[in-house]
Amino acid sequence: MVSHQIISPLLLTICAFFVVATACSNGTCKLDDKCSTDADCEAGLYCFSCTVSFSGNRCVRSTRTNPFKLVNNSLPFNKYAFLTTHNAFAIEGEPSHTGIPRITPTNQEDSVTQQLNNGVRGLMLDTYDFDGDIWLCHSFGGNCHDYTAFEPAIDTLKEIEAFLSANPSEIVTLILEDYVETPKGLTKVFTDAGLIKYWFPVSKMPKGGQNWPLVSDMVANNQRLIVFTSKKSKEESEGIAYQWNYMVENQYGDGGMEKGSCPNRAESSKMDDTSKSLVLVNYFRSVPLKPLACVQNSGELLDMLTTCHNAAANRWANFIAVDYYKRSEGGGAFLATDTLNGQLLCHCGDVHSCSTGSTTPGACSSRS
């Protein structure tokens, strides 16, 4: 009896030591493994706690899979999917640029540069006339105020220019909720930011549901910035594409999160309008709730993509717009983008299953 009392604590100590010694750390932890710090997780992951879904911390995804490198870049632009950040400029912790404390919601946690470096390729920006310039802003009563303004638009646009300059094979899409009334105001700020040299012209955008130019040609021609505006008149006056001439878009906010339903937003034609070559799916709350983002960016998002595929005449989304894009239960919005690219590029369930270099539907491989 005495020996058992001595041995049992000893065994427990040995077992505890074994568990600690064999736990992953120092960059060896894989997706969904428990972790203590970001440094524990392997490349492309970070250590995160989704308290409404699981206890403790796990390694979850923090970067995208690049379909251009993994599979090919030789298909039309509308045959790829791109992770998009809703209100990409509304960044938590962004200091006030007006001297007045900001009183308005935030939608992201990373700088625009960090978003792009992690694989975001679509940025939703709200542009306003404010303080004699063009600013990125939330509105109150339809106007930008010193307590809702984030920063002058040129600051963010210069970040985008720096990214495009450093990454000559990448394409970025800007979707502007545009309240600028200053004549040629947007043209001036894009010019001042050095972005005109990357401009993809409206004349090359298909209006009848045809395919877009090949990504490889867009890259070769250095026409790697696509800009859409919500103001119809600016397509003629400034050469900025009117968004809903080229894409369908589901309802944003709470109205776009109802299970089994994918209605179009008021400005967009019906989701099944195939005369528009691009499909945008929004999946974020009307009022952002950061603690819940990890759940809504996971299985809920994948379910909505299937719902919207059915509503959009069996077309998969090209853009998926979310809040707090890195928050998830594991794969999150990055996995959702991989799923879309798998379906678009080779009709497989994940882009990692597409055969390298293939442009043939159904050319799935066993690669994981």
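Me: Are Asp178 and Lys234 buried or exposed?

Reply: The criterion is relative accessible area, and a residue counts as buried when that value is under 20%. In this predicted model, both Asp178 and Lys234 are buried. They form a salt bridge in which the closest N and O atoms are 2.8 Å apart. The pair links distant parts of the chain, with Asp178 in strand 7 (residues 172–179) and Lys234 in helix 7 (residues 234–237), 56 residues apart.

Me: How many salt bridges does the structure hold?

Reply: A salt bridge is assigned when a side-chain nitrogen of Lys or Arg is within 4 Å of a carboxyl oxygen of Asp or Glu. The structure holds 17 of them.

Me: How should I read the salt bridge of Lys188 with Asp192, and how far apart are the closest N and O atoms?

Reply: The closest N and O atoms of Lys188 and Asp192 are 2.7 Å apart. Because these two residues are four apart in helix 5 (residues 185–192), about one helical turn separates them. Lys188 is exposed, at a relative accessible area of 54%, whereas Asp192 is partly exposed, at 41%.

Me: Which parts of the chain are linked by the pair of Lys207 and Glu235?

Reply: This salt bridge has its closest N and O atoms 3.0 Å apart. It links distant parts of the chain: Lys207 lies in the loop between helix 5 and helix 6 (215–220), and Glu235 lies in helix 7, 28 residues apart. The two partners fall into separate accessibility classes, as Lys207 is partly exposed at 49% and Glu235 is buried at 14%.

Me: What does Asp273 touch, leaving aside its neighbours within four places in sequence?

Reply: Asp273 is in contact with Val248 and Arg315 on that count. Asp273 is found in the loop between strand 10 (247–249) and strand 11 (278–282). With a relative accessible area of 19%, Asp273 is classed as buried, since the class requires a value under 20%.

Me: Finally, which domains does the assignment give?

Reply: The domain assignment of the protein gives domain 1 (23–62) and domain 2 (64–353). The contact between them takes 12 residues from domain 1 and 16 residues from domain 2. Their C-alpha centres lie 28 Å apart.

Me: What area is buried between domain 1 and domain 2, and which residues supply 52% of the area on the side of domain 1?

Reply: About 1,100 Å² is buried between the two domains, with carbon and sulfur atoms giving 55% of that area. Phe48, Arg61 and Ser62 supply 52% of what domain 1 buries against domain 2, more than any other three residues.

Me: What polar and charged pairing crosses between domain 1 and domain 2?

Reply: There is one salt bridge between the domains. The side chains of Asp338 and Arg61 meet in a salt bridge at 2.7 Å, N to O. Five residue pairs are in polar contact across the interface. Strand 1 (45–48) and strand 2 (58–61) are the elements that each give two or more residues to the side of domain 1 touching domain 2. The largest share, three residues, comes from strand 2. By class, this side has seven nonpolar, two polar and three charged residues.

How values were computed:
Residues numbered from 1 in each chain as written. Predicted model: local features only at pLDDT ≥ 70, side-chain atom pairs only at ≥ 80, totals over all residues. Heavy atoms only, no water. Domains from an automatic or database assignment. Contact = heavy atoms within 4.5 Å. Buried area = accessible area lost by both parts, 1.4 Å probe. Polar contact = N/O pair within 3.5 Å; in protein donor to acceptor, adjacent residues only side chain to side chain. Nonpolar A, V, L, I, M, F, W, Y, C, P; charged D, E, K, R; others polar. Buried < 20%, exposed > 50% of the residue type's maximum accessible area, 1.4 Å probe, protein only.
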